[in-house]
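This report describes selected local features of one protein model. The sequence and structure are shown first, and the commentary follows.

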Amino acid sequence: MAETEGTIVELADLLRHPEDLDKISFLKSEFTRKKAAIDGQLKIGLKDQLEVTQNGMNSISDGQRTVNQIKEEMMKIDKLCAEAQNMIRDFPDINLVSQVHRNFTQVEAMKANIESFDGRLKDLEQLLREDDQDMENQPNLLNIHHGLTQLRDIRDDAMDQIKRASDTSLESHLQDYFTRLDDVIEWFDDH
């Protein structure tokens, strides 16, 4: 309804005087030309939109084909691995040695982390003392945060391993060992 009223107002503006009636054929041709231009723009826009939609559908189809090919290749690889395990007589022994090696590497890394823990914590405490002297700039803040994050990870890994162990008698000793870290973290949080 409002659109019709708007059209009536627009026509009233265009046809104010009786001489304006002579312009009707010109106005009609002008409106026809504008309509044709708008129709052309809409047609081009629709064509572009259809092309984009078709390209998107083609991309989805191509992606689905690729996913299916990858799935088939993974199944082939899995089958080959299973067959290879059956072909190697000593595979269980080799697998066990590999697992022992991985465990040994993890234990060595944990041992090195525990041994360096106290020294690294002392270094962070020194950096915090330096930042206490320059509270406006705190030049070591990022280094301290990074170092504390690493030490938290070491603590969390160690606590996780001790909780999974069959003998958890050392858990309280380990918690006591890491108590200073909590104090330094609190000191850092106060900054």
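## Surface charge, ring pairs and a backbone exception

At 47% relative accessibility, Asp-183 counts as partly exposed, because that class covers values between 20% and 50%. The model in which this value was computed is a predicted one. Asp-183 is placed in helix α6, a helix that spans residues 179-190. Together with Glu-186, Asp-189 and Asp-190, Asp-183 forms a negative surface patch.

A second topic is the aromatic side chains. The structure holds three aromatic pairs. In one of them, the ring centres of Phe-117 and Tyr-177 are 5.7 Å apart and the planes meet at 40°, so this pair is classed as tilted. Phe-117 belongs to helix α3 (residues 91-133) and Tyr-177 to helix α5 (residues 171-177), so their contact ties together parts 60 residues apart in sequence.

Phe-117 also pairs with Phe-178, and this arrangement is edge-to-face. The angle of 75° between the planes gives that class because it is over the 60 degrees required. Phe-178 lies in the loop between α5 and α6, whereas Phe-117 lies in helix α3, so this pair ties together parts that are 61 residues apart in sequence. Through such ring pairs, Phe-117, Tyr-177 and Phe-178 are linked into a cluster.

The geometry of the two pairs described above is set out here.

| Pair | Centre to centre | Angle between planes | Class |
|---|---|---|---|
| Phe-117 and Tyr-177 | 5.7 Å | 40° | tilted |
| Phe-117 and Phe-178 | 4.9 Å | 75° | edge-to-face |

Phe-117 has a relative accessibility of 1% and counts as buried. Phe-178 is likewise buried, with a relative accessible area of 1%. Tyr-177, by contrast, counts as partly exposed at 33%. The limit that applies to the buried class is a relative accessible area under 20%.

Gln-138 is found in the loop between α3 and α4, the latter helix covering residues 141-164. Gln-138 has a positive phi of about 45°, although it is not a glycine. Most residues other than glycine have a negative phi. With a relative accessible area of 11%, Gln-138 is buried, since this value falls under the 20% limit.

Definitions and conventions
Residues are numbered from 1 along each chain as its sequence is written. This is a predicted model: local features need pLDDT of at least 70, side-chain atom pairs count only at pLDDT 80 or more; totals for chains, interfaces and linings use all residues. Side-chain values use heavy atoms; hydrogens and water are left out. Rings of Phe, Tyr and Trp (its six-membered ring) pair if their centres lie within 6.5 Å; planes under 30 degrees apart count as stacked, over 60 as edge-to-face and the rest as tilted. Helices (H or I, at least four residues) and strands (E, at least two) are DSSP runs, numbered from the N terminus. Buried means under 20% relative accessible area, exposed over 50%, partly exposed in between (1.4 Å probe, protein chains only). Patches are made of residues with over 30% relative accessible area and no salt bridge: like charges are joined within 9 Å, nonpolar side chains (Val, Leu, Ile, Met, Phe, Trp, Tyr) within 5 Å. Accessible areas come from the Shrake-Rupley method with a 1.4 Å probe; for residues, only the protein chains shown count as cover. A salt bridge is a side-chain nitrogen of Lys or Arg within 4 Å of a carboxyl oxygen of Asp or Glu. Lys and Arg count as positive and Asp and Glu as negative; His and the chain ends are not counted. The place of a charge is taken as NZ of Lys, CZ of Arg, CG of Asp or CD of Glu.
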